[in-house]
Number of protein chains: 2
Amino acid sequence: MNQPSNHFQFSIQKKLSKNSMARAGVISTPHGDMQTPAFITVGTAATVKAVTPEQVQQLGAQAVLANTYHLYLRPGEDIIQKAGGLHTFMHWPGPMFTDSGGFQVFSLGEAFGKGISKVAGGEDSKSSVNERISQAKKAKITDEGVTFWSHIDGSKHELNPEKSMQIQHALGADIIFAFDECTSPHAPRAYQEIALNRTHAWAARSLHEHQKLNATQANYQALYGVVQGGQFQDLRELSATTLAEMDFDGFGIGGSFTKDDIATAVGWVTAKLPEAKPRHLLGMGEVIDLFKGIEAGIDTFDCVSPTRIARNGTVYTAKGRVSLTNAKYATSLKPIDSQCSCYTCQNFSTAYLNHLIKAGEMLSATLLSIHNLHFVTDLVDQIRKSLLDDSFFDFKKQYLANYY
Amino acid sequence: MNQPSNHFQFSIQKKLSKNSMARAGVISTPHGDMQTPAFITVGTAATVKAVTPEQVQQLGAQAVLANTYHLYLRPGEDIIQKAGGLHTFMHWPGPMFTDSGGFQVFSLGEAFGKGISKVAGGEDSKSSVNERISQAKKAKITDEGVTFWSHIDGSKHELNPEKSMQIQHALGADIIFAFDECTSPHAPRAYQEIALNRTHAWAARSLHEHQKLNATQANYQALYGVVQGGQFQDLRELSATTLAEMDFDGFGIGGSFTKDDIATAVGWVTAKLPEAKPRHLLGMGEVIDLFKGIEAGIDTFDCVSPTRIARNGTVYTAKGRVSLTNAKYATSLKPIDSQCSCYTCQNFSTAYLNHLIKAGEMLSATLLSIHNLHFVTDLVDQIRKSLLDDSFFDFKKQYLANYY
């Protein structure tokens, strides 16, 4: 087999000492580098909602993560492959991730309504979520794979490790994830053990299929294994050590976490993962999560919140989330944040943004998404700088003292 | 009275002979020049729907027209004036128009449901139009002015020539329109005569109030009188000659037209208007309208169609309108038009656009609006070139032969 030259590389530039696993580094991919820690912008259906790729670049985002489940169902991976892959299809030239589809399948199936706390099904519109709820059926899981029903039209589909790899190779993202079973945090320990064994078997099958596919293509795609294990320390550690022995390029950490879990549960995992490989915390990216995750050794994050709350008229500020629908913003000619360098804050007042929201104008989603994505991206960049110049703990303390 | 220096100027660069009143020129305003004929992009509620001001500039638009009725009701002219005017409020640095509010008041009131064929109330969302219809009451018209009820909350308001001028001066657009009565084309001749007399009296009152306001401000605002008269040639001509004697900077042509009217009714009017002043055809801008209007001596147009049909998944092409929801576009990796230089056609396939539309993604409205606005803007630019190099009739013949 002729392996394509491996353009995937992770180099650590700086490690913190002082009881922290935090590090700053660079992830290199065939479509460019990411300075880590990095916040990865979510582009569920091959679009960062309401924002053009140029606007995504201009706000400082380094990479985009799209959802395999959504793209498999619509428009289908075939047309994307024919287009030359996701990069060309959605006109995003930089590094790109796809997830495995597992989270969406399970959050809409076995775990549906049982406390999968991240946004089920990625970032659909409210009407689409309602439609999905009315059509939701349980996904059926066997050791072979999963049978599930489309949230769009109720049609029946199968997904398994091999098929997830085939789809993700057709999509052509730089970093892809092994197919895993994402359990409900309320599932009993006995079930978590069964599911974890399955996730590990699926990790091996994903890796095998991935290596076969990678050998036939020009662009190297990196595969991350996904650590599961619920809220149980021993299972999380078992998962990390099991996957660490496999030839993955990096690791995702999946499942649901409470805010308090992040420092602990993520730390259990990163302590057991090989230091030299990058770690991605799947679907988490609130301000507190970012500090805690980075301190626990996370390199990249993705989260739908910045664009989702933007569409509801809510923005991030250094003092916390703020709803611009509040009447006091209707008469303020100041930007959201006079210190903010984003396009929105440089050019528009909250009075204007409040007006757009009240008038139901689509431009409000665009302008607020730009601000929120810039806010989170910029915060992680600041954290990165604080790691490089050894001021992380001071920066964290100062930042969180003002944030509520 | 200290008149501010008059930065408004219209110069004609080229006139066609051969039974045509078509001309190419330049309108200069305090916020820049417009090369005419020009298509003016509509930004009803102080935003070109789903498009940033930078994107509006990049697609080639020279000016934006906002709706006084909408901005008066929400957010109110006070906050816009405090922001420094519409230019600053919506971050549009170029030439700007506002209409008088009359069209919306009458299309929602006296003429409601009686065949005012342009998009009633500007460019609201469908749900907002439904809401308005359910709340619609007749506007009450006297010689003094109009009483109407808000389509947003049903609240009662008064609008008259003086108030329209005060609002439009608070908004601060470069070109504003006199308050007129826009009649239903189905109104009997007797009513058209009454309404026309009122429009002329209101034109004089608008001009008087406008001159008073202009004298107190730094930026000169130009005022256009609005020609009415329904489908009656003698009334249209009377209106044009009456307004021509007043000290307007230019003229709007209002009312509803059928496609066939444009060449005739518009021609009746332009033949009577002073050649040296610019003429704007209000609310018209389909492809055929553009050719006919320009041939009849129109300098500028505005129309909501490019952005409204974009939000329904429809685009303009050199062969006519096309719905990108058609299944054949789901598998085509070509752009909408491989000859088109717009951002959308340069970077995205119809397969991608079809996907965005089906997935209900806001980005489809942005990308299709950019294409449609560029299409119409560019067509008028091409017509302008054909006027300058004396190829207008050949260009028109060739273009319309392919357009259906």
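Begin by selecting helices H10(B) and H11(B), where H10(B) passes H11(B) in a right-handed crossing. The model is a predicted one. Within chain B, H10 covers residues 259-272 and H11 covers residues 287-295. Their axes lie 9 Å apart, and the helices pack at an angle of about 15°. Angles under 35 degrees count as roughly parallel, and H10(B) and H11(B) are therefore roughly parallel to each other.

Next, display the residues at this packing contact. From H10(B), select Lys259(B), Ile262(B), Ala263(B) and Val266(B); these meet Ile288(B), Asp289(B), Lys292(B) and Gly293(B) of H11(B).

Then show both chains together. The predictor assigns the complex an ipTM of 0.94 and a pTM of 0.94. Chain A and chain B each bring 34 residues to the contact. On chain B, select helices H3 (77-82), H4 (86-90), H14 (350-358) and H15 (362-388), each of which supplies at least two residues of the side that touches chain A. Which helix gives the largest share of that side of chain B? H14(B) does, with 5 residues. The side of chain B that touches chain A divides into 18 nonpolar, 11 polar and 5 charged residues.

Finally, colour chain A by pLDDT. The mean for chain A is 91, and 91% of its residues reach 70 or more. Select residues 114-136 of chain A, where pLDDT stays under 50. For this stretch of chain A, the model has 44 contacts beyond four places in sequence. Where pLDDT is low, predicted coordinates should not be read in detail.

Key:
Residues are numbered from 1 along each chain as its sequence is written. Chains are lettered from A and ligands numbered from 1 in the order in which they are written. This is a predicted model: local features need pLDDT of at least 70, side-chain atom pairs count only at pLDDT 80 or more; totals for chains, interfaces and linings use all residues. Axes are lines fitted to C-alpha atoms, for helices over the stretch in contact, and angles run from 0 to 180 degrees between N-to-C directions. Helices (H or I, at least four residues) and strands (E, at least two) are DSSP runs, numbered from the N terminus. Angles under 35 degrees count as roughly parallel, over 145 as roughly antiparallel, 65 to 115 as roughly perpendicular and the rest as oblique. A crossing is left-handed if the near helix is turned anticlockwise from the far one by less than a right angle, and right-handed if clockwise. Two residues are in contact if their C-beta atoms, placed from the backbone, lie within 7 Å. pLDDT is the predictor's confidence in each residue, from 0 to 100. Ala, Val, Leu, Ile, Met, Phe, Trp, Tyr, Cys and Pro count as nonpolar, Asp, Glu, Lys and Arg as charged, and the others, Gly among them, as polar.
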